[in-house]
Amino acid sequence: MNQYLIVSGMLFLGFFAFLVVAYTFALIYQYYNNSHGGTFKINSKIYEFYLGFKTLSRAPRELWIIYILKFLESYGYFSSSLILTLFLSKEYGYDDAEAGLMYGIFGTAISVVGLFIGIYFFL
């Protein structure tokens, strides 16, 4: 079971590393544009990504809680999907196609149940 925890941790660290790299590029972009008269050009999408987080820093505390909970929920769902396919392949001997089919059935079932629960509470 330790290998599944390692894979899950690697996914989290990969996402964190992406945020650090995006923030670093945004700071470099801002520094060079301020000190060199705007001649240094990095992909402006990275800087816009950074500005989105800068704007978000002024958001209310409740919004931060919602975003953190959504991140943790998505992280748990997608980590479990990866770990499920690895678990089915290693422990039960399914090949990749069969494990993917089982995950597809699992994902479809979760979507259908969520849809029906939403309809029930909407009515």
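The model is predicted: local features need pLDDT of at least 70, side-chain atom pairs count only at pLDDT 80 or more, and totals for chains, interfaces and linings use all residues. Residues are numbered from 1 along each chain as its sequence is written, and side-chain values use heavy atoms, with hydrogens and water left out. The structure holds 4 aromatic pairs and 1 salt bridge.

**Helix α3**

- Helix α3 covers residues 61-91. Helices are DSSP runs (H or I, at least four residues), numbered from the N terminus.
- The 31 residues of α3 should span 45 Å at 1.5 Å a residue. The expected span is 1.5 Å times one less than the number of residues.
- The end C-alpha atoms of α3 lie 43 Å apart, which agrees with that span.
- S74, S79, S81, I83, T85 and L88 are the buried residues of α3. Buried means under 20% relative accessible area, exposed means over 50%, and partly exposed lies in between (1.4 Å probe, protein chains only).

**Aromatic pairs**

- Rings of Phe, Tyr and Trp (its six-membered ring) pair if their centres lie within 6.5 Å. Planes under 30 degrees apart count as stacked, over 60 as edge-to-face and the rest as tilted.
- One of the pairs is F71 with Y75, which is stacked. Its centres are 6.2 Å apart, with 20 degrees between the planes.
- F71 and Y75 are 4 residues apart in α3, so about one helical turn separates them.
- An α-helix has 3.6 residues a turn, so residues three or four places apart point the same way.
- F71 is partly exposed at 27% relative accessible area. Y75 is also partly exposed, at 23%.
- F87 and Y92 form an edge-to-face pair. The centre-to-centre distance is 5.6 Å, and the planes are 80 degrees apart.
- F87 is partly exposed at 28% relative accessibility, whereas Y92 is exposed at 59%.

**Salt bridge**

- A salt bridge is a side-chain nitrogen of Lys or Arg within 4 Å of a carboxyl oxygen of Asp or Glu.
- E73 and K70 form a salt bridge, with the closest N and O atoms 3.2 Å apart.
- E73 and K70 sit 3 residues apart in α3, so the separation is about one helical turn.
- E73 is partly exposed, with a relative accessible area of 45%. K70 is partly exposed at 48% relative accessibility.

Key: Helix = DSSP H or I, 4+ residues; strand = E, 2+ residues; numbered from the N terminus.
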